[in-house]
Amino acid sequence: MKSIVSTLIITFFYTLVSQAQTCKIDVTIDEFSKDTIILGYYFNKQMFVEDTIPSNSAGKFIIEKEEPLKQGVYIIYLNSEQYFDVLIGEDQTFSIKTSTNELLNNLEVKGATESASFLNYQQLLRTKQKEAKDIQEQLKATVDEDLKAKLTQQLQGFGEEVKQKSSSLIDDNPDTFLAIFLKGLQEVEVPEMQAPAGSENPDQDVQRMRFNYYKEHYFDNIDLSDERLLRTPYFTDKIDRYLSQVLVIPDTIIIGCHRMIAATEGSDEMQKYLIQHLFNWANESKTMGMDAVMVDMADAYYLNGRADWVDEEFLTKLQERVDKIKPTLLNKVAKDFKMQSYTGEFHRLSEVRAPFTILVFWEPECGHCKKEIPKLNEEVWKNYADKGIKIVAVYTQNNKEEWEEFITEHALEEWIHLYDPYNQSGFRNNYDIYSTPVIYILDKDKKILAKRLGVEQIPGFLDHHLKNL
C-alpha cells in the first residue's frame, strides 16, 4: 500500500511539473554546426532578442519556458544570412525540423496546427513569388501583346491563389492568432460606386468616394485591441502608411490618432504602444505642420497624466517644448512685436502691410545664413517684391556693426531689418528660435501659413498662394 501511495505522489508531482512547462519547442537543424541559435521576435519594425538557445547535441535545441511566450511571429536566427519565421500561437509544445540547405523549403512543423498552417502559407507564398519573378522577366523580354496579356493573367492568378489560401486558413482556424495575422494582411475591399446624379465630374467624384470609403474602413481587418499584432512584421508599417498616405493632413491625422487609441480599449499594452508610437511619429516628422499632431498628443495623453509610465523630468521638458511650439502652429496669428531697425526707426510686425510677409530670423556669423540670406534676396525678393511681399529680417544677436556690414555688402537695404538689443520682445520663445536661419511666411492678417522652409521652397509656395488672391 505504501509503495502504491508513493508512486501516485511521484506521478502527480511529475504531472504538475509537466503542466508547468507551458512552452517547449524542439528545434532540429540538420547540417548546422554552431552551438547556439537566437530566438527573436518582431516589434516596431525591428527584431528583438527573446533568448539565446544553446544546443543539447549537434543541430538540436530546446526552447523551453515556464511561462508561455507572448503570441506573435518569432524569428529563429542561425546567422546573418540564415533565419526563418515561426508563428507561435496558443499551442506552444511542438517540434521544428529543417536543414541549413533551403531552410524554408525543408521546414517542418509538427504538433501545433497554427504554426504548421502558417508555415504552409509561407511556403506557398515563396513558391508563387519565385514563379511571379520568372513571369515578370518574361514580360520585360517580350513585345508580343498576346503573350503579355497571358502572362499578366497568370500573375493575377497567383495573387488570387494566395488570397484564397489565406481566406481558407482564416475560416479553418477561427479565433486564433493565425486568423488574426492573416486577416490583418488583407487590404480593405472597396465596393463599386456610382457618382451622384448630375455630377459634373463623375470620375473624380467616384475616386473621392472610393478613397473616403477606404479611409473610413482602413482597419476593418485589424483588431486594434489585440496586442498580438504588435509582434508581427507588418503592424507598424500599416499604422505609418495610414498616417502618411491616407490621412496626410495634420487635422485629419489628429482625429485618426484619437480613433486608433480609442479602439485599443481593453488592451493596456496596445494602448501604451500606440500612444508612444503616434507621439514619436509626429515628433520626428520632417513634414511641416506635424508639430500640431505632437502637441495634441502631448496634451491629450502625456501632460494630463494619462501616460503614467513616463517620469517627471520627461514631462517637465515636454511641457516646456509644447509651450514653445504652440505659438508657432500653422494658422495661428504670429505673435506681434516691436523692434528697432538698424537705421533707428521702430517697426511693429502687425503694422507691416503685405499680402505675404516673409519673416526670417538670422545672424551674419551663421554659416548657413551666409548662404541662405543672399539666396533669399536673389531668388525671392527680386522676383516677388513687385507683387507686394515684404521681408522682415530679425537679427538675433547684438553686434550692430557686423549686422550693418552684411546688409550693405549684400545690398539688402530694401528689406525691413530689425533687432531686439535688450531682449524685450521674447522672440526666441514666441518663434521657437534655437538655431538660424528660421523662415516663416505670414498672410495679410499675419497668420502663419508656413514655417521653417528652405529658400528654394518659397517661390513655389508663393506662386501657389498668389494664384488664389
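Analyst: Two strands pair if DSSP finds at least two bridges between them. The elements themselves are DSSP runs numbered from the N terminus: helices are H or I with at least four residues, strands are E with at least two. The model is predicted, so local features need pLDDT of at least 70 and side-chain atom pairs count only at pLDDT 80 or more, while totals for chains, interfaces and linings use all residues. Residues are numbered from 1 along each chain as its sequence is written, and side-chain values use heavy atoms, with hydrogens and water left out.

Start with the layout. The part in question is an open sheet of eight strands, with mixed pairing and the order 6-5-2-3-4-1-7-8. Its edges are strand 6 (82–88) and strand 8 (108–110); each has a single partner strand, so one side of each is left without a neighbour in the sheet. On average, neighbouring strands of this sheet are turned by 25° against each other, direction ignored. For such angles, axes are lines fitted to C-alpha atoms, for helices over the stretch in contact; angles between N-to-C directions run from 0 to 180 degrees.

Now the pairings. Strands of a sheet pair through backbone hydrogen bonds, either parallel or antiparallel. Strand 2 (residues 36–43) and strand 3 (residues 46–57) run antiparallel, joined by eight bridges. One of the bridged pairs is Thr36 with Pro54 in strand 3. The two strands make a hairpin with two residues between them. In that turn sits Asn44, with a positive phi of about 55°.

Strand 2 also pairs with strand 5, again in the antiparallel sense, here over four bridges. Leu39 has Ile76 of strand 5 as its bridge partner.

Next comes strand 6, at one edge of the sheet. Strand 5 and strand 6 run antiparallel and share seven bridges. Asn79 stands opposite Gln82 in strand 6. Strand 6 is mostly covered: of its seven residues, five are buried. Buried means under 20% relative accessible area, exposed means over 50%, and partly exposed lies in between (1.4 Å probe, protein chains only).

Ser95 has Lys110 in strand 8 as its bridge partner.

What lies on the sheet? Helix 2 (residues 113–141) packs on it, touching strand 5 (72–79), strand 6, strand 7 and strand 8. The direction of helix 2 makes about 130° with that of strand 6. Helix 4 (residues 177–185) also packs on the sheet, touching strand 5 and strand 6, and its direction makes about 115° with that of strand 6. Contact means heavy atoms within 4.5 Å.

A database record covers part of this region. UniProt, in an unreviewed entry, places the feature "coiled-coil region" at residues 118–145. UniProt positions are given in the numbering used here, feature names are shortened, and annotations may be inferred rather than shown by experiment. In the model, residues 118–145 are 89% helix and 0% strand. The end C-alpha atoms of that span lie 38 Å apart.

Ser166 gives a view of the packing between helices. Ser166 belongs to helix 3 (residues 145–172). At 5% relative accessibility, Ser166 counts as buried. Residues up to four places away in sequence aside, Ser166 touches Tyr121, Leu182 and Gln186.

For comparison, here is another covered element. Helix 9 (residues 291–302) has nine of its twelve residues buried. Those buried residues are Asp291, Ala292, Val293, Met294, Val295, Met297, Ala298, Tyr301 and Tyr302. What covers them includes helix 7 (250–262), helix 8 (268–284), helix 10 (312–325) and strand 15 (448–451).

Lys326 lies in the loop between helix 10 and strand 9 (338–341). Its relative accessibility is 30%, so Lys326 counts as partly exposed. Leaving aside neighbours within four places in sequence, Lys326 is in contact with Val295, Asp299 and Lys332. Lys326 and Ser199 are 127 residues apart along the chain, and their C-alpha atoms are separated by 41 Å.
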